[in-house]
Amino acid sequence: MKSHIAKAKYNEKFLGYIAKSKDGFFDWMVTVAFYAALHYLRTFLKLKGFTPGSSHFDLEKAIDQNNPRCLLTLPKEIYLCYRRLYEQSRSARYNTVVYSSDLQQKLIMLESKRAKNG
């Protein structure tokens with residue numbers, strides 16, 4: 001569990017560095033934000049006594065309310081945010097996506113809020 005927290009914080013630290021860059025790197029920002037969220041979610045599930053498996057698919061099924069084998073029902077807003085990060089990070093990794101300035105600004109604002117709140 002501590003290793004997931006450490007990895008999430010490590011990812012957030014890296015996100016802070018690339019968010020300050022004038023070069024953009026928005027594809028990496030969304031990817032790193034997703035992996036930080038993934039590690040926090042895995043920690044949360046373990047705290048609740050669940051082990052969802054090691055793949056993205058396993059984790060998705062563990063929190064998908066439409067799955068009859070869902071391990072834990074999350075608030076819909078949290079699930080949808082996680083799902084959107086997952087989809088955006090996949091697009092960033094496997095497609096030639098150009099992010100809108102709106103999404104870029106949201107990522108920068110998210111990182112700024114996170115940095116202020118520590």
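What follows is a chat about the helices of a predicted model and a few of its residues.

Student: What kind of model is this, and how are its residues numbered?
Tutor: This is a predicted model, where local features need pLDDT of at least 70 and side-chain atom pairs count only at pLDDT 80 or more, while totals for chains, interfaces and linings use all residues. Residues are numbered from 1 along each chain as its sequence is written, and side-chain values use heavy atoms, with hydrogens and water left out.

Student: How many helices and strands are in the protein chain?
Tutor: The protein chain has five helices and zero strands. Helices (H or I, at least four residues) and strands (E, at least two) are DSSP runs, numbered from the N terminus.

Student: What share of the residues is buried?
Tutor: Of the 118 residues in the protein chain, 36% are buried. Buried means under 20% relative accessible area, exposed over 50%, and partly exposed in between, with a 1.4 Å probe and protein chains only.

Student: Where is Asn11 found?
Tutor: Asn11 is in helix α1, residues 2-19. Its relative accessible area is 10%, so Asn11 is buried.

Student: And what does Asn11 touch?
Tutor: Leaving out residues up to four places away in sequence, Asn11 touches Val32, Tyr35, Ala36 and His39. Contact means heavy atoms within 4.5 Å.

Student: How do α1 and α2 cross?
Tutor: Their axes come within 8 Å and cross at roughly 160 degrees. Axes are lines fitted to C-alpha atoms, for helices over the stretch in contact, and angles run from 0 to 180 degrees between N-to-C directions. The two helices are therefore roughly antiparallel to each other. For angles, under 35 degrees counts as roughly parallel, over 145 as roughly antiparallel, 65 to 115 as roughly perpendicular and the rest as oblique.

Student: Which classes of residue make the contact of α1 with α2?
Tutor: By class, there are 13 nonpolar, four polar and five charged residues in that contact. Ala, Val, Leu, Ile, Met, Phe, Trp, Tyr, Cys and Pro count as nonpolar, Asp, Glu, Lys and Arg as charged, and the others, Gly among them, as polar.

Student: Now α2 and α3. How do their axes cross?
Tutor: The axes of α2 (residues 26-47) and α3 come within 12 Å and cross at roughly 60 degrees. That is why α2 is oblique to α3.

Student: Which residues make the contact?
Tutor: From α2 there are Phe34, Tyr35, Leu38, Leu41, Arg42 and Leu45, and from α3 there are His56, Leu59 and Ile63. By class, the contact has seven nonpolar, one polar and one charged residues.

Student: Is His56 buried, exposed or partly exposed?
Tutor: His56 is partly exposed, since its relative accessible area is 26%. His56 is found in helix α3, residues 56-63.

Student: What is His56 in contact with?
Tutor: Apart from neighbours within four places in sequence, His56 is in contact with Phe34, Tyr35, Leu38 and Tyr86. His56 and Tyr86 are 30 residues apart in sequence, and their C-alpha atoms are 8.9 Å apart in space.

Student: Which side chain has a polar contact with that of His56?
Tutor: The side chain of Tyr35 does, with a polar contact of 3.4 Å to the side chain of His56. A polar contact is a pair of N or O atoms within 3.5 Å; within protein, one must be able to donate a hydrogen and the other to accept it, and residues adjacent in sequence count only if both atoms are side-chain atoms.

Student: Last one: where is Ser55?
Tutor: Ser55 is in the loop between α2 and α3. A polar atom of the Ser55 side chain lies 2.9 Å from the backbone nitrogen of Asp58.
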